[in-house]
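Please look over the structure below before reading on. The text then goes through it part by part.

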Amino acid sequence: MNYTHQHTWNFSTVGGVKRVNLDSGADLMHLHQLDQKLWTALSCPVYGLEIDHKTLALIDTDNDGQIRVPEMLAAVKWMIGVLKNADDLLKQDEEFPLSAIDDSTDEGRTLISSANIMLRNLGKENATSLTVAETSDTEKIFAASRFNGDGIITEDTVETAALKTLLNEVMACAGSVTDLGGKSGISIELLQQFTDACSLHAQWYAKAEGNSAIFPLGKSSEEAYASYSAIKAKVDDYFIRCRLAAFNSQTTAALNLSVARVEAISEKDLSASLDEIATYPLAKVEAGKPLPLSEGINPAWEKAMLSFNTLVSLQQFLGKTSLTESDWSSLEILFTEFVQWKAEEKGATVESLGLDRIKEILSGQDLALLTSLIEQDKALEHEASSIMKVDQLVRYYRDLYTLLKNFVTFYDFYSPGYKSIFQAGTLYIDQRSCDLCIRVTNMEKHGTMASMSGMFLMYCECTSRTTSEKMVILAALTNGDIDNLVVGRNALFYDRQGTDWDATIIKIIDNPISIRQAFWSPYRKVSRFVETQVNKFAASQDDKVTGSASKGIEDAQHKIVNAPAEAPKAAPPFDIGKFVGIFAAISLALGAIGAAIASVIAGFLGLTFWKMPLAISGVVLLISGPAMIMAYLKLRKRNLAPILDANGWAINANVIVNIQFGNLLTHLATLPPGAKINLNDPFSKKKRPFWPFAVGGIVLIALVFYVLWKLGFMHL
């Protein structure tokens with residue numbers, strides 16, 4: 001790549017990769033010239049990192065949840081353009097001094113003006129700096145402003161009672177939104193929805209005015225239809241029962257209320273049993289009987305029938321005390337056009353206001369006044385945007401360089417005493433602490449990529465003790481041993497804020513941890529194999545003995561029960577030849593094993609004394625050497641990149657975790673400096689007298705020297 005301005009870059013070899021140093025504002029000013037092939041990462045997720053995600057969301061200008069190189073460069077370019085000194089960006093301070101803004105540019109002067117407005121609204125007119133906590137408090141910043149540029153008006157915006165009433169009606173019918181000051185209000189979109197609904201409802205209602213077919217009972221037609229609908233199903237049920245009684249008179253008793261149902265509730269408070277009573281027939285059922293309108297009505301339906309009589313029956317069937325089935329059927333025809341008109345209703349969201357109020361709103365000027373207020377608020381959008389830019393400025397001042405160090409160079413990850421933004425906290429387990437803990441966002445993707453890292457990984461499900469929130473973390477074990485680490489083991493996890501989580505291992509990816517652990521791994525595998533086989537053999541023998549004993553007891557019981565019927569059987573003769581063969585085979589096997597052992601011992605003793613340690617070392621290396629070589633090759637190539645890729649990163653270089661670095665990421669338990677140790681353990685094994693061991697040792701050494709002398713080794 002052809003670099004301009006001949007900027008000189010400084011590189012350091014970290015983790016086996018040459019990484020650029022971002023040590024000055026000049027480095028940041030020329031960051032766009034740095035070949036992207038030299039960046040450690042090309043993309044990172046907005047969420048799941050130990051950095052304020054609101055800052056990352058501001059950098060993520062396309063809102064796709066990922067921050068890429070062009071977005072990072074755009075953020076750096078903007079910050080350098082509004083600061084007097086690019087070196088200030090490296091400070092990462094919580095408090096941003098307004099004096100750092102370049103007031104020689106239009107944008108700089110606008111930012112200073114907006115910052116002063118924020119300070120005034122916060123009641124800090126004389127302050128000369130801002131923090132993220134202050135710039136994030138938009139409710140307090142905009143609470144005192146009648147217009148704040150967000151295009152939303154609230155009750156504080158309108159000044160007359162009539163406008164406040166209309167504003168509340170709009171919110172009740174069309175909904176509301178929250179303005180920058182944290183108050184509920186309406187936008188131009190909601191006001192337009194409300195206006196359209198009022199117009200549509202008025203037009204729809206106008207089609208029915210004066211139409212007797214739609215309003216057969218005049219102004220009370222809608223209320224009358226509601227009373228008719230309330231009892232329709234129950235009245236239909238009554239007439240069907242009467243028709244069944246006419247079909248077969250013997251069914252009349254079954255179609256009416258059974259005495260048993262009344263007896264079941266007779267001892268209760270019947271006023272509390274109206275739901276049960278409402279399921280009884282509407283009136284006494286008889287063949288061809290009309291429906292009584294007032295007398296003999298189910299008590300649970302009396303109010304509904306009274307409303308029907310008042311609104312419908314007295315209008316249509318004046319003077320009648322009962323209705324025939326044909327009278328009832330005529331009502332469905334009466335309301336046909338009304339039902340069709342209701343089905344075509346428009347603007348139902350404002351129906352609760354009533355037609356008169358809707359007409360009043362449409363004919364008045366209040367809608368236009370609300371529109372004007374929204375437009376006045378919208379006119380200040382640029383000022384509001386500038387105020388929000390101050391929040392962006394303060395956030396970038398605090399967080400941008402931190403992100404750059406963990407994006408371009410991974411400086412924090414490879415620096416002792418620092419933690420990278422992807423390190424979620426520390427896991428304590430089995431007398432060690434693991435600092436390389438990463439939140440897992442996609443277990444399925446981790447299942448295919450994490451094994452490529454070459455590290456010993458533990459996936460733990462964590463539950464917060466305070467909020468019961470759950471998450472899954474991945475902890476890399478880079479020091480110590482793995483003897484006691486199994487799925488289901490419990491641990492304690494502390495996040496970066498110091499909150500403790502209960503952790504449980506749910507998955508393990510096994511890889512070497514150290515050369516020492518690899519040296520002992522073959523012996524541990526053999527030990528586990530032997531232990532497993534011994535356990536299997538012991539279990540099978542136990543089952544065999546138990547089965548034989550059970551069978552012997554059953555046979556004994558059988559003989560006792562059937563003793564009179566069965567004659568005792570003679571014991572089979574002792575087959576001495578069979579047992580001689582078995583003993584001969586065992587003797588041959590033991591002889592072969594003994595001969596092999598003897599030949600090995602003889603060969604070993606046939607060596608000169610200085611070759612014996614070499615022979616022992618050779619055998620040990622033959623067993624442990626392959627495992628140690630494989631472990632060494634894997635340990636020097638442990639790579640964090642696949643794990644981060646599985647979490648949504650796009651890693652552009654190896655992130656090596658070699659043996660030396662790995663020892664810094666997992667800390668083993670050590671006693672504090674100056675600690676005093678009481679060696680008097682009351683539960684330790686009691687010491688045996690010294691002299692028996694000393695005598696035994698002397699005898700053993702004498703025997704060894706005697707054997708060596710007899711074989712001639714001592715004459716060499």
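The model is a predicted one. Its protein chain contains 25 helices and 18 strands. Of the 716 residues in the chain, 38% are buried. The chain exposes about 41,200 Å², and carbon and sulfur atoms account for 59% of that area. When contacts between residues at least 6 apart in sequence are considered, 67% join residues at least 24 apart.

β11 is mostly covered, with 4 of its 5 residues buried. Strands of a sheet pair through backbone hydrogen bonds, in either a parallel or an antiparallel arrangement. β11 runs antiparallel to strand β12 (residues 432–439), and 4 bridges join the two. β11 is also joined by 4 bridges to strand β15 (residues 490–495), again in an antiparallel arrangement. L427 can be followed into both pairings: L427 stands opposite C434 in β12 and opposite F493 in β15. The hairpin of β11 and β12 has 2 residues between the strands, and D430 in this hairpin takes a positive phi near 50°.

Another set of strands forms an open sheet. Here 3 strands lie in the order β4-β3-β17, with antiparallel pairing. β4 (66–68) and β17 (650–651) are the edge strands, since each pairs on one side only. Strand β3, residues 41–45, is joined to β17 by 2 bridges, and the two run antiparallel. Within that pairing, A41 has I651 of β17 as its bridge partner. Helix α3 touches β3 and β4, and its direction makes about 70° with that of β4. Helix α18 (residues 381–409) also touches β3 and β4, with its direction at about 125° to that of β3.

How do two helices of the chain pack against each other? Helix α8 (residues 188–206) and helix α17 (residues 366–378) pack at an angle of about 165°, and their axes are 10 Å apart. Because of that angle, α8 is roughly antiparallel to α17; the cut-off for this term is an angle over 145 degrees. The residues making the contact are I188, L191, F194 and T195 on α8, and L367, L370, T371 and I374 on α17. The crossing of α8 and α17 is left-handed.

Q92 lies in the loop between α3 (69–82) and β5 (95–97). Q92 is not a glycine, yet it has a positive phi of about 60°. Its relative accessible area is 26%, so Q92 is partly exposed.

S468 is placed in the loop between β13 (456–464) and β14 (470–477). S468 also has a positive phi, near 65°, in a residue other than glycine. Is S468 buried or exposed? With a relative accessibility of 53%, S468 counts as exposed, because the term applies over 50%.

T154 is in the loop between α6 (138–143) and α7 (161–174). T154 has a relative accessibility of 5% and therefore counts as buried, the cut-off being under 20%. Which residues does T154 contact, leaving aside its neighbours within four places in sequence? They are L167, D179, K183, S184 and G185.

Definitions and conventions. Residues numbered from 1 in each chain as written. Predicted model: local features only at pLDDT ≥ 70, side-chain atom pairs only at ≥ 80, totals over all residues. Heavy atoms only, no water. Buried < 20%, exposed > 50% of the residue type's maximum accessible area, 1.4 Å probe, protein only. Pairing = 2+ DSSP bridges. Contact = heavy atoms within 4.5 Å. Areas by Shrake-Rupley, 256 points an atom, 1.4 Å probe, with all protein chains shown as cover. Axes fitted to C-alpha atoms, helices over the stretch in contact; angles between N-to-C directions. Parallel < 35°, antiparallel > 145°, perpendicular 65-115°, else oblique. Left-handed = near helix turned anticlockwise from the far one by under 90°.
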